[in-house]
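Please review the following briefing on backbone geometry and model confidence. The sequence and structure are shown first.

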Amino acid sequence: MVKHQPLQVYEKQVFVSFVTGIYGCRWKRYQRSQDDTSGWECTWFLILCSSFLLLLFWAYFWLVAQNDFNDFNWLVFNRSGEWRDETIPIITCTTVGFSYITFLLILALFHVSLGQQLNLYWVHKIGVLATLLTTISGVVSVDDIWRDEWDILLVSLQSTAPFLHIGALATVTAMSWLVAGYVVRKERSNIQVMVLLIYIIILVAVCLAPLTFTCPCIMDRHSLKQRPDIIGRRGAPMLAPENTMVSFNRALQHGASSLEADVTISVDGVPFLMRDNTLRRTTDVRKVFPARQYEDASFFNWTEIRSLNAGQWFLETDPYWTVKTLTGKDRSRIGNQTVCSLVEMLRLASRANSSALLNIRKPPPEHPRYRSWFMDTLWAVQKAGISQKRVRTVTWTPDTDRGRVRGLKQTASEKLSVEEIRQRGITSLTLHYSKASHKDIQEYLANNVSVTVYPVNEPWLYSILWCSGVPSVSSDAPQVLRKVPYPIWLMSRNAYSFIWITSDLVSLAIVIGIFCFQKWRISGMQNYNPEQIMLSAVTRRSSREVNIMKEKLIFSELNNGLSSTDELSLYPDNGYARYSHGGLSR
């Protein structure tokens, strides 16, 4: 008698080989396994998921923080003393790391869906760990030097929350396939129950998340107020050197209705425009006065300040990657710029029929003009010939000095209650966007207090402030905001409620359907006869290749001791050969 052995017909599994090969360097079939994943590999899977979530948070942070890249580089300059765009390497590393971790996570999820055992290759383990530690160090560094920037995450949700909700809902819905496949198994365990409960809690939380949203642009379009005025913050510093005449001219050309500048008082009482405490970053003081390059800018006299070049640094460092867009004439003009005086800037504003917002830095106590800086500023305003009603001042000084700036409109740079504003006689506020909530803005406007928000460089931030009713914004990028004729998105509350409820119901229906399908599929597999599966596989492969395998099996049996009197009969009607005592016949 012939000892029957099961015929194994292997089909090529290119996709499975690709997934297991890249993830765990298991390219051969015998290297793979469908056994349960070990606890050690489950730990690495959790580390991979944690790295993905942290990188997702990190990437989103830098995406919305583009609004403040200039401020970040300025902070780094104040610490290192060298001006360079530090955001480029950060964004590059974040993009590479996020892409790598996302790719590995997708491969891991394919392993789970295909029933393959997880076994992350050791090279990938090193890569995941290095990416995770690098991201953590980045978060710690930002928290050290740029802690206030975390506020932009909450501000950005006013614009992105409805879209993030849809994305999170789609992700949770898709994950139901893996959760259902794990939960509806025949074997029951406490872990399955825990996984199901966690998934249900996450799903319910995502469905109800819009109840916590505060989105100014969810409003009746008829309630939308007029477009906020744009104030050129230090002119248009992305197109020309900040606080120079070229920069202010560019701002006016791109639709700025007002100009903002930083004012410092020289040792001989001349107000000039300079943001930094020193002249190192925006002038050639290192070349002209190398021994005084770290000296406070206010201790230079006007003649010395006027002798410095204030435009060449822009062409050399290209801080906003815009120099290549300049014409030869523009480069020549920028390269010959000098430090701008307050009188020059105010005269330009007067000719353009625009207003001015001045951030005045009070001189240090040992400065000769410490007691008369306010008179120097007032003298410059009068000399420029601009109406004092069109000049607002932000003095970073105590209330005792505020009253000294006589005849000029004063604005506070701190968040105050309505009662405090009335007591101080202030009619306007200049607030950082993180300090100006939608509720506060509405309260100020209801009490006839004008609000200017800074810095506003991205269309999404400009849009939510527009929907909030802000009268004006201060921007480093008037050329960008000029191209925003309408809020990026605007939706009535009824329309959004319909989208929200509909998407939740569709998601729940899909999740329930997936759980039912997985239950039916797995129960059908459990009731199926394994022999039928094997025979069906052979039947599907009734090709010449399978027949050759069968003949090889027959000859193998003959070589293993089949006696001359034994007879093997295979039926030709079914495609088999016939063997008798005389040999093999067809």
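Does W321 count as buried or exposed? At 51% relative accessibility, W321 counts as exposed, where exposed means over 50% relative accessible area, buried under 20% and partly exposed in between (1.4 Å probe, protein chains only). This is a predicted model, in which local features need pLDDT of at least 70, side-chain atom pairs count only at pLDDT 80 or more, and totals for chains, interfaces and linings use all residues. Residues are numbered from 1 along each chain as its sequence is written, and side-chain values use heavy atoms, with hydrogens and water left out.

- W321 is not a glycine, yet its phi is positive, at about 60 degrees.
- W321 sits in the loop between helix 11 (312-317) and helix 12 (328-335); helices (H or I, at least four residues) and strands (E, at least two) are DSSP runs, numbered from the N terminus.
- N243, also a residue other than glycine, has a positive phi near 60 degrees.
- N243 is buried, with a relative accessible area of 3%, and belongs to the loop between strand 1 (229-233) and helix 8 (245-253).

**Cis peptide bond**
- Y454 and P455 are joined by a cis peptide bond with omega near -25 degrees.
- P455 is found in the loop between strand 8 (450-454) and helix 18 (459-468).

**Confidence**
- The protein chain has an average pLDDT (the predictor's confidence in each residue, from 0 to 100) of 85, and 83% of the residues score at least 70.
- Residues 529-542 have pLDDT below 50, and this stretch has 13 contacts (heavy atoms within 4.5 Å) beyond near neighbours in sequence in the model.
- Residues 562-586 stay under 50 in pLDDT, with 33 contacts beyond four places in sequence in the model.
- Where pLDDT is low, the predicted coordinates should not be read in detail.
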